[in-house]
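I opened my notebook to look up a few things in this structure.

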Amino acid sequence: MILLQRSLGILALMGFMTLATPVMAEGKSSAQCGHEFDQCQTRCNTDFEDDAARRAPCVAKCSGLYAACDAGVAYENAKPWLEEQAKKTKRFFDELLKEYDRERKPDPQKKTDKNSI
């Protein structure tokens, strides 16, 4: 039962990661994401030097872009492992279904006029 829960958890994680992968991080490293964040924050500080009310949303946007970029880098690094786990999980369920079909008993005979008491 624990193995089944773990397998389902891995499948759910893989589905989420596939849908949530930011395209922006394609081919980037964490250092590149950090450099882009620094540049964005510098632009915010330059463009809105005297206006803290307008600088705050700009900095928040930079933070969001950095988080999306860094998450994409992490996903790209984890992708081979996730794909391997998906293959293992699929094999597990295929074997489980084969075993279930082997152990399954035939359906009881339906009641007819010839076999009823």
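Entry 1: How far apart are the sulfur atoms of Cys44 and Cys58? I am working from a predicted model. I find that Cys44 and Cys58 form a disulfide, with their sulfur atoms 1.8 Å apart. I looked up the torsion next. It is about -75° around the S-S bond of Cys44 and Cys58, so this disulfide is left-handed. Cys44 sits in helix α2 and Cys58 in helix α3, so the pair links distant parts of the chain, 14 residues apart. Cys44 and Cys58 are buried.

**Entry 2: the other disulfides.** I count 3 disulfides. Cys40 pairs with Cys62, sulfur to sulfur 1.9 Å. The torsion about their S-S bond is about -75°, so the link of Cys40 and Cys62 is left-handed. Cys40 belongs to helix α2 and Cys62 to helix α3, so this pair ties together parts 22 residues apart in sequence. Both Cys40 and Cys62 are buried.

I then turned to Cys33, which a disulfide joins to Cys69 at an S to S distance of 1.9 Å. With -70° about the S-S bond, the link of Cys33 and Cys69 is left-handed. Cys33 is in helix α2 and Cys69 in helix α3, so the pair ties together parts 36 residues apart in sequence. Cys33 and Cys69 are both buried.

I also noted the pairing order. With the bonded cysteines numbered along the chain, it reads 1-6, 2-5, 3-4.

**Entry 3: the core.** Which residues make up the largest nonpolar core? I list 6 residues: Phe37, Cys40, Cys44, Phe48, Cys58 and Cys62. Helices α2 (30-47) and α3 (52-103) are the elements that each give two or more residues to this core. The largest share, 3 residues, comes from α2.

I checked the contacts of Cys62 too. Leaving out neighbours within four places in sequence, Cys62 touches Phe37, Cys40, Gln41 and Cys44.

**Entry 4: salt bridges.** How many salt bridges does the structure hold? I find 2 salt bridges. In one, the side chains of Glu36 and Lys28 meet at 3.0 Å, N to O. Glu36 is partly exposed, at 34% relative accessibility. Lys28 is partly exposed as well, at 26%.

Lys90 forms a salt bridge with Asp94, and their closest N and O atoms are 2.9 Å apart. Lys90 and Asp94 both lie in helix α3, 4 residues apart, about one turn of the helix. Is Lys90 buried or exposed? Lys90 counts as exposed, at 52% relative accessibility. Asp94 is partly exposed, at 33%.

Conventions:
Residues are numbered from 1 along each chain as its sequence is written. This is a predicted model: local features need pLDDT of at least 70, side-chain atom pairs count only at pLDDT 80 or more; totals for chains, interfaces and linings use all residues. Side-chain values use heavy atoms; hydrogens and water are left out. A nonpolar core is a set of buried Ala, Val, Leu, Ile, Met, Phe, Trp, Tyr and Cys residues joined through side-chain atoms within 4.5 Å. Buried means under 20% relative accessible area, exposed over 50%, partly exposed in between (1.4 Å probe, protein chains only). Contact means heavy atoms within 4.5 Å. A salt bridge is a side-chain nitrogen of Lys or Arg within 4 Å of a carboxyl oxygen of Asp or Glu. A disulfide is a pair of cysteine sulfur atoms within 2.5 Å.
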